[in-house]
Amino acid sequence: MTAISDMPDVPRAARRPQVGNPMVRWLRANLFSSIPNGILTIVLLAVLAKGVISFVQWGIASAVWLTPVNDSSACRAVRGIGACWAVIPEKYRFILFGTYPFDEQWRPALSVVLFIALFYLSTRRALWRRELVFIWIGALALISVLMWGGVLGLSFVSQDRWGGLPVTLILATFGLAFGFPLGILVALGRRSKLPAIRSLSVLYVELIRGVPLVSLLFMASVMFPLFMPSGFNIDKLLRAQIAIILFAGAYLAEVIRGGLQAVPRGQYEAADALGLSYWRKNRLIILPQAIRHVIPPLVNTFIAFFKDTSLVLIIGIFDLLTTAKTAIIDPAWQQFSVEVYIFVAAIYFVFCFAMSRYSRSLEATSGR
(Lines give C-alpha, C1' and ligand atoms only; values in the text may rest on other atoms or scores of the structure.)
Protein backbone atom coordinates (compact mmCIF):
# COMPACT_ATOMS: atom_id res chain seq x y z
CA MET A 1 0.00 0.00 0.00
CA THR A 2 1.31 3.42 -0.90
CA ALA A 3 2.15 5.61 2.04
CA ILE A 4 0.49 8.99 2.32
CA SER A 5 3.88 10.66 2.22
CA ASP A 6 4.58 8.99 -1.14
CA MET A 7 1.48 10.46 -2.83
CA PRO A 8 2.20 13.23 -5.35
CA ASP A 9 1.81 16.78 -4.18
CA VAL A 10 -1.70 17.52 -5.52
CA PRO A 11 -3.40 20.79 -4.57
CA ARG A 12 -6.14 20.30 -2.02
CA ALA A 13 -8.71 22.00 -4.30
CA ALA A 14 -7.95 19.51 -7.08
CA ARG A 15 -8.58 16.57 -4.71
CA ARG A 16 -12.00 17.82 -3.73
CA PRO A 17 -14.93 15.98 -5.34
CA GLN A 18 -16.52 17.92 -8.17
CA VAL A 19 -20.09 18.86 -7.29
CA GLY A 20 -22.73 20.88 -9.04
CA ASN A 21 -23.82 21.19 -12.64
CA PRO A 22 -20.94 20.54 -15.13
CA MET A 23 -22.12 23.38 -17.38
CA VAL A 24 -22.07 25.85 -14.48
CA ARG A 25 -18.58 24.69 -13.53
CA TRP A 26 -17.39 25.14 -17.12
CA LEU A 27 -18.86 28.64 -17.35
CA ARG A 28 -17.31 29.63 -14.05
CA ALA A 29 -13.90 28.26 -15.01
CA ASN A 30 -13.74 29.61 -18.56
CA LEU A 31 -15.96 32.68 -18.84
CA PHE A 32 -16.44 34.02 -15.31
CA SER A 33 -13.18 33.06 -13.61
CA SER A 34 -12.62 36.65 -12.48
CA ILE A 35 -14.44 39.97 -12.41
CA PRO A 36 -12.68 41.38 -15.56
CA ASN A 37 -13.35 38.13 -17.45
CA GLY A 38 -16.98 38.19 -16.39
CA ILE A 39 -17.43 41.81 -17.53
CA LEU A 40 -15.74 41.07 -20.88
CA THR A 41 -17.94 37.99 -21.38
CA ILE A 42 -21.12 39.95 -20.70
CA VAL A 43 -20.10 42.75 -23.10
CA LEU A 44 -19.21 40.31 -25.89
CA LEU A 45 -22.45 38.37 -25.39
CA ALA A 46 -24.42 41.62 -25.58
CA VAL A 47 -22.70 42.65 -28.83
CA LEU A 48 -23.21 39.17 -30.30
CA ALA A 49 -26.88 39.13 -29.30
CA LYS A 50 -27.39 42.57 -30.86
CA GLY A 51 -25.77 41.41 -34.10
CA VAL A 52 -27.81 38.21 -34.28
CA ILE A 53 -31.08 40.01 -33.56
CA SER A 54 -30.34 42.68 -36.18
CA PHE A 55 -29.45 40.07 -38.81
CA VAL A 56 -32.57 38.01 -38.08
CA GLN A 57 -34.69 41.15 -38.34
CA TRP A 58 -33.01 42.21 -41.61
CA GLY A 59 -32.39 38.84 -43.22
CA ILE A 60 -35.49 36.88 -42.20
CA ALA A 61 -38.32 38.79 -40.53
CA SER A 62 -38.43 41.81 -42.89
CA ALA A 63 -36.93 40.15 -45.95
CA VAL A 64 -38.51 39.82 -49.38
CA TRP A 65 -38.12 36.30 -50.71
CA LEU A 66 -39.98 36.29 -54.02
CA THR A 67 -41.17 38.91 -56.48
CA PRO A 68 -42.70 38.84 -59.97
CA VAL A 69 -40.22 38.27 -62.77
CA ASN A 70 -37.76 41.19 -63.06
CA ASP A 71 -39.87 43.33 -60.72
CA SER A 72 -37.91 44.74 -57.80
CA SER A 73 -40.53 47.22 -56.56
CA ALA A 74 -41.29 45.14 -53.44
CA CYS A 75 -37.57 45.07 -52.61
CA ARG A 76 -37.19 48.80 -53.07
CA ALA A 77 -40.09 49.32 -50.67
CA VAL A 78 -38.15 47.61 -47.84
CA ARG A 79 -34.79 49.07 -48.81
CA GLY A 80 -32.76 49.59 -45.63
CA ILE A 81 -35.24 47.60 -43.53
CA GLY A 82 -35.10 44.05 -44.88
CA ALA A 83 -33.05 41.95 -47.26
CA CYS A 84 -34.04 41.30 -50.84
CA TRP A 85 -33.39 37.60 -51.29
CA ALA A 86 -35.61 37.70 -54.38
CA VAL A 87 -32.53 38.76 -56.35
CA ILE A 88 -31.09 35.25 -55.91
CA PRO A 89 -33.84 33.28 -57.71
CA GLU A 90 -33.92 36.06 -60.29
CA LYS A 91 -30.17 35.97 -61.05
CA TYR A 92 -28.90 32.62 -59.74
CA ARG A 93 -28.51 31.03 -63.17
CA PHE A 94 -26.31 33.85 -64.41
CA ILE A 95 -24.34 33.87 -61.14
CA LEU A 96 -23.68 30.12 -61.31
CA PHE A 97 -23.20 29.65 -65.06
CA GLY A 98 -22.44 33.06 -66.56
CA THR A 99 -23.25 33.56 -70.23
CA TYR A 100 -23.44 29.84 -71.00
CA PRO A 101 -26.44 29.30 -73.34
CA PHE A 102 -29.57 29.32 -71.21
CA ASP A 103 -31.15 26.17 -72.64
CA GLU A 104 -27.85 24.27 -72.25
CA GLN A 105 -27.11 25.20 -68.64
CA TRP A 106 -27.93 21.69 -67.49
CA ARG A 107 -24.50 20.77 -68.84
CA PRO A 108 -22.40 22.98 -66.52
CA ALA A 109 -24.78 22.06 -63.68
CA LEU A 110 -24.04 18.37 -64.30
CA SER A 111 -20.33 19.19 -64.50
CA VAL A 112 -20.48 20.78 -61.03
CA VAL A 113 -22.21 17.65 -59.69
CA LEU A 114 -19.47 15.49 -61.23
CA PHE A 115 -16.76 17.64 -59.62
CA ILE A 116 -18.42 17.32 -56.21
CA ALA A 117 -18.77 13.56 -56.69
CA LEU A 118 -15.07 13.31 -57.57
CA PHE A 119 -14.11 15.28 -54.48
CA TYR A 120 -16.25 13.02 -52.30
CA LEU A 121 -14.87 9.80 -53.79
CA SER A 122 -11.34 11.10 -53.33
CA THR A 123 -11.94 11.48 -49.58
CA ARG A 124 -12.80 7.79 -49.18
CA ARG A 125 -9.68 5.92 -48.10
CA ALA A 126 -11.15 2.64 -49.34
CA LEU A 127 -10.96 4.06 -52.88
CA TRP A 128 -7.32 5.18 -52.70
CA ARG A 129 -6.28 2.74 -55.37
CA ARG A 130 -5.13 2.91 -58.96
CA GLU A 131 -8.75 2.71 -60.10
CA LEU A 132 -9.40 6.18 -58.64
CA VAL A 133 -7.00 7.67 -61.19
CA PHE A 134 -9.03 6.16 -64.03
CA ILE A 135 -12.24 7.43 -62.43
CA TRP A 136 -10.76 10.95 -62.42
CA ILE A 137 -9.62 10.67 -66.03
CA GLY A 138 -13.02 9.41 -67.17
CA ALA A 139 -14.94 12.04 -65.20
CA LEU A 140 -12.74 14.90 -66.44
CA ALA A 141 -13.17 13.67 -70.01
CA LEU A 142 -16.95 13.63 -69.49
CA ILE A 143 -16.84 17.15 -68.01
CA SER A 144 -14.88 18.34 -71.06
CA VAL A 145 -17.49 16.83 -73.37
CA LEU A 146 -20.31 18.46 -71.41
CA MET A 147 -18.71 21.90 -71.30
CA TRP A 148 -17.43 22.03 -74.89
CA GLY A 149 -19.96 19.87 -76.65
CA GLY A 150 -19.64 19.38 -80.40
CA VAL A 151 -20.11 15.60 -80.04
CA LEU A 152 -22.91 13.22 -79.10
CA GLY A 153 -25.48 15.68 -80.40
CA LEU A 154 -24.37 18.46 -78.04
CA SER A 155 -23.97 21.94 -79.49
CA PHE A 156 -20.48 23.41 -79.33
CA VAL A 157 -19.93 26.14 -76.70
CA SER A 158 -16.67 28.08 -76.82
CA GLN A 159 -14.75 28.84 -73.66
CA ASP A 160 -15.63 32.53 -74.01
CA ARG A 161 -19.16 31.59 -72.93
CA TRP A 162 -18.08 29.65 -69.84
CA GLY A 163 -18.48 31.29 -66.48
CA GLY A 164 -19.54 31.01 -62.87
CA LEU A 165 -18.99 28.09 -60.54
CA PRO A 166 -17.76 25.59 -63.19
CA VAL A 167 -14.90 27.92 -64.14
CA THR A 168 -13.93 28.38 -60.48
CA LEU A 169 -13.92 24.61 -59.94
CA ILE A 170 -11.94 23.99 -63.14
CA LEU A 171 -9.25 26.53 -62.24
CA ALA A 172 -8.99 25.33 -58.63
CA THR A 173 -9.09 21.60 -59.40
CA PHE A 174 -6.57 21.59 -62.22
CA GLY A 175 -4.41 24.20 -60.50
CA LEU A 176 -4.03 22.08 -57.37
CA ALA A 177 -4.03 18.72 -59.17
CA PHE A 178 -1.03 19.74 -61.29
CA GLY A 179 0.51 22.18 -58.81
CA PHE A 180 0.80 19.54 -56.07
CA PRO A 181 3.06 17.09 -57.99
CA LEU A 182 4.99 20.09 -59.34
CA GLY A 183 5.49 21.27 -55.77
CA ILE A 184 6.76 17.82 -54.74
CA LEU A 185 9.30 17.77 -57.57
CA VAL A 186 10.49 21.31 -56.77
CA ALA A 187 10.74 20.51 -53.05
CA LEU A 188 12.87 17.45 -53.84
CA GLY A 189 14.89 19.56 -56.25
CA ARG A 190 15.68 22.12 -53.54
CA ARG A 191 17.13 19.30 -51.42
CA SER A 192 19.02 17.73 -54.32
CA LYS A 193 22.77 17.23 -54.15
CA LEU A 194 23.10 18.33 -57.78
CA PRO A 195 23.90 22.07 -57.84
CA ALA A 196 22.17 22.71 -61.17
CA ILE A 197 18.86 21.15 -60.11
CA ARG A 198 19.00 22.81 -56.69
CA SER A 199 19.75 26.22 -58.19
CA LEU A 200 16.95 25.97 -60.76
CA SER A 201 14.47 24.95 -58.05
CA VAL A 202 15.50 27.83 -55.81
CA LEU A 203 15.29 30.27 -58.75
CA TYR A 204 11.81 29.05 -59.67
CA VAL A 205 10.45 29.31 -56.12
CA GLU A 206 11.95 32.72 -55.38
CA LEU A 207 10.91 34.13 -58.75
CA ILE A 208 7.28 32.97 -58.49
CA ARG A 209 6.89 33.83 -54.81
CA GLY A 210 8.41 37.25 -55.37
CA VAL A 211 5.52 38.48 -57.53
CA PRO A 212 1.76 38.53 -56.86
CA LEU A 213 -0.61 36.19 -58.69
CA VAL A 214 -2.19 39.18 -60.40
CA SER A 215 1.07 39.96 -62.21
CA LEU A 216 1.43 36.33 -63.34
CA LEU A 217 -2.11 36.32 -64.71
CA PHE A 218 -1.43 39.61 -66.49
CA MET A 219 1.78 38.23 -67.99
CA ALA A 220 0.02 35.05 -69.09
CA SER A 221 -2.81 37.00 -70.69
CA VAL A 222 -0.96 39.93 -72.28
CA MET A 223 2.76 39.22 -72.54
CA PHE A 224 2.83 35.49 -73.26
CA PRO A 225 1.04 35.74 -76.66
CA LEU A 226 3.70 38.24 -77.80
CA PHE A 227 6.35 35.50 -77.64
CA MET A 228 4.28 33.03 -79.68
CA PRO A 229 4.62 32.60 -83.47
CA SER A 230 2.28 34.61 -85.65
CA GLY A 231 -1.13 32.95 -85.91
CA PHE A 232 -0.52 30.73 -82.87
CA ASN A 233 -2.85 31.47 -79.99
CA ILE A 234 -3.52 29.70 -76.68
CA ASP A 235 -6.93 30.02 -75.11
CA LYS A 236 -7.19 32.65 -72.36
CA LEU A 237 -8.55 30.17 -69.83
CA LEU A 238 -5.64 27.80 -70.48
CA ARG A 239 -3.12 30.61 -70.05
CA ALA A 240 -4.69 31.54 -66.71
CA GLN A 241 -4.67 27.89 -65.69
CA ILE A 242 -0.93 27.59 -66.40
CA ALA A 243 -0.22 30.72 -64.33
CA ILE A 244 -2.22 29.33 -61.40
CA ILE A 245 -0.43 25.97 -61.63
CA LEU A 246 3.00 27.64 -61.56
CA PHE A 247 2.00 29.86 -58.65
CA ALA A 248 0.52 26.98 -56.66
CA GLY A 249 3.54 24.78 -57.34
CA ALA A 250 5.96 27.32 -55.84
CA TYR A 251 3.99 27.75 -52.62
CA LEU A 252 3.25 24.05 -52.20
CA ALA A 253 6.94 23.29 -52.75
CA GLU A 254 7.88 25.28 -49.66
CA VAL A 255 5.17 23.61 -47.57
CA ILE A 256 6.32 20.15 -48.64
CA ARG A 257 9.98 21.08 -48.10
CA GLY A 258 9.10 21.87 -44.51
CA GLY A 259 7.62 18.40 -44.18
CA LEU A 260 10.74 16.82 -45.67
CA GLN A 261 12.90 18.61 -43.13
CA ALA A 262 10.70 17.26 -40.32
CA VAL A 263 11.34 13.63 -41.29
CA PRO A 264 14.03 12.17 -38.98
CA ARG A 265 17.41 11.52 -40.54
CA GLY A 266 17.18 7.89 -39.46
CA GLN A 267 14.34 7.31 -41.93
CA TYR A 268 16.61 8.28 -44.82
CA GLU A 269 19.39 6.04 -43.51
CA ALA A 270 17.00 3.12 -43.00
CA ALA A 271 15.72 3.46 -46.57
CA ASP A 272 19.28 3.54 -47.89
CA ALA A 273 20.12 0.45 -45.81
CA LEU A 274 17.24 -1.41 -47.49
CA GLY A 275 18.79 -0.65 -50.87
CA LEU A 276 15.84 1.38 -52.15
CA SER A 277 16.35 3.63 -55.13
CA TYR A 278 15.96 7.39 -54.79
CA TRP A 279 12.41 7.47 -56.17
CA ARG A 280 11.19 4.38 -54.29
CA LYS A 281 12.67 5.74 -51.06
CA ASN A 282 10.80 9.01 -51.42
CA ARG A 283 7.57 7.45 -52.68
CA LEU A 284 7.29 4.70 -50.07
CA ILE A 285 8.97 6.13 -46.97
CA ILE A 286 9.88 9.82 -47.00
CA LEU A 287 7.01 11.59 -48.76
CA PRO A 288 4.16 9.86 -46.85
CA GLN A 289 5.71 10.99 -43.57
CA ALA A 290 6.51 14.47 -44.86
CA ILE A 291 3.00 15.07 -46.14
CA ARG A 292 1.52 13.79 -42.87
CA HIS A 293 3.53 16.42 -41.02
CA VAL A 294 2.22 19.31 -43.14
CA ILE A 295 -1.47 18.44 -43.61
CA PRO A 296 -2.71 21.68 -41.89
CA PRO A 297 -0.55 24.10 -43.93
CA LEU A 298 -1.28 22.13 -47.10
CA VAL A 299 -5.03 22.47 -46.65
CA ASN A 300 -4.60 26.12 -45.71
CA THR A 301 -2.78 26.63 -49.02
CA PHE A 302 -5.50 24.73 -50.90
CA ILE A 303 -8.20 26.95 -49.38
CA ALA A 304 -6.24 30.11 -50.19
CA PHE A 305 -5.80 29.12 -53.83
CA PHE A 306 -9.45 28.14 -54.17
CA LYS A 307 -10.37 31.70 -53.20
CA ASP A 308 -7.55 33.23 -55.27
CA THR A 309 -9.17 31.97 -58.45
CA SER A 310 -11.38 35.06 -58.22
CA LEU A 311 -8.38 37.14 -59.38
CA VAL A 312 -8.88 35.92 -62.96
CA LEU A 313 -11.45 38.68 -63.37
CA ILE A 314 -8.59 41.08 -64.26
CA ILE A 315 -8.04 39.19 -67.53
CA GLY A 316 -11.72 38.93 -68.41
CA ILE A 317 -12.53 35.39 -67.23
CA PHE A 318 -15.97 35.07 -65.69
CA ASP A 319 -15.44 33.09 -62.50
CA LEU A 320 -18.08 32.87 -59.76
CA LEU A 321 -17.30 36.24 -58.19
CA THR A 322 -17.14 38.01 -61.56
CA THR A 323 -20.52 36.67 -62.69
CA ALA A 324 -21.99 37.78 -59.36
CA LYS A 325 -20.67 41.32 -59.90
CA THR A 326 -21.95 41.32 -63.47
CA ALA A 327 -25.38 40.04 -62.43
CA ILE A 328 -26.13 43.17 -60.40
CA ILE A 329 -25.33 45.55 -63.25
CA ASP A 330 -29.03 45.30 -64.08
CA PRO A 331 -30.46 48.66 -62.88
CA ALA A 332 -33.53 46.94 -61.41
CA TRP A 333 -31.36 44.93 -58.99
CA GLN A 334 -28.25 47.09 -58.67
CA GLN A 335 -29.12 48.22 -55.13
CA PHE A 336 -29.10 44.68 -53.73
CA SER A 337 -25.48 43.68 -54.14
CA VAL A 338 -25.09 42.71 -50.46
CA GLU A 339 -27.50 39.79 -50.83
CA VAL A 340 -25.70 38.56 -53.94
CA TYR A 341 -22.30 38.70 -52.23
CA ILE A 342 -23.68 36.85 -49.20
CA PHE A 343 -24.93 34.12 -51.54
CA VAL A 344 -21.53 33.84 -53.23
CA ALA A 345 -19.74 33.93 -49.87
CA ALA A 346 -21.93 31.03 -48.70
CA ILE A 347 -20.84 28.97 -51.73
CA TYR A 348 -17.16 29.68 -51.06
CA PHE A 349 -17.67 28.89 -47.37
CA VAL A 350 -19.25 25.50 -48.09
CA PHE A 351 -16.29 24.36 -50.20
CA CYS A 352 -13.65 25.81 -47.86
CA PHE A 353 -15.32 24.45 -44.73
CA ALA A 354 -15.58 21.00 -46.33
CA MET A 355 -11.83 21.06 -47.05
CA SER A 356 -11.10 22.18 -43.50
CA ARG A 357 -13.24 19.47 -41.93
CA TYR A 358 -11.71 16.78 -44.11
CA SER A 359 -8.20 17.92 -43.22
CA ARG A 360 -9.02 17.60 -39.52
CA SER A 361 -10.32 14.06 -39.95
CA LEU A 362 -7.35 13.15 -42.16
CA GLU A 363 -4.93 14.58 -39.61
CA ALA A 364 -6.62 12.63 -36.81
CA THR A 365 -6.54 9.32 -38.68
CA SER A 366 -2.97 9.87 -39.88
CA GLY A 367 -1.77 10.41 -36.32
CA ARG A 368 -3.04 7.05 -35.12
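Me: What does Ser111 touch, leaving out residues up to four places away in sequence?

Reply: Ser111 touches Ile143, Leu146 and Met147, where contact means heavy atoms within 4.5 Å. This is a predicted model, where local features need pLDDT of at least 70, side-chain atom pairs count only at pLDDT 80 or more, and totals for chains, interfaces and linings use all residues. Residues are numbered from 1 along each chain as its sequence is written, and side-chain values use heavy atoms, with hydrogens and water left out.

Me: Why is Ser111 called buried?

Reply: Buried means under 20% relative accessible area, with a 1.4 Å probe and protein chains only. Ser111 has 1%, so it counts as buried. Ser111 sits in helix H6, residues 106-122; helices here are DSSP runs (H or I, at least four residues), numbered from the N terminus.

Me: What makes H11 and H14 roughly antiparallel?

Reply: Helix H11 (residues 236-262) and helix H14 (residues 295-308) pack at about 165°, with axes 10 Å apart. Angles run from 0 to 180 degrees between N-to-C directions, and axes are lines fitted to C-alpha atoms over the stretch in contact. Over 145 degrees counts as roughly antiparallel, so H11 and H14 get that label.

Me: Which residues of H11 and H14 meet?

Reply: Phe247, Ala248, Tyr251, Leu252, Val255 and Ile256 in H11 meet Pro297, Leu298, Thr301, Phe302 and Phe305 in H14. They divide into 10 nonpolar, 1 polar and no charged.

Conventions
Helix = DSSP H or I, 4+ residues; strand = E, 2+ residues; numbered from the N terminus. Parallel < 35°, antiparallel > 145°, perpendicular 65-115°, else oblique. Nonpolar A, V, L, I, M, F, W, Y, C, P; charged D, E, K, R; others polar. Buried < 20%, exposed > 50% of the residue type's maximum accessible area, 1.4 Å probe, protein only.
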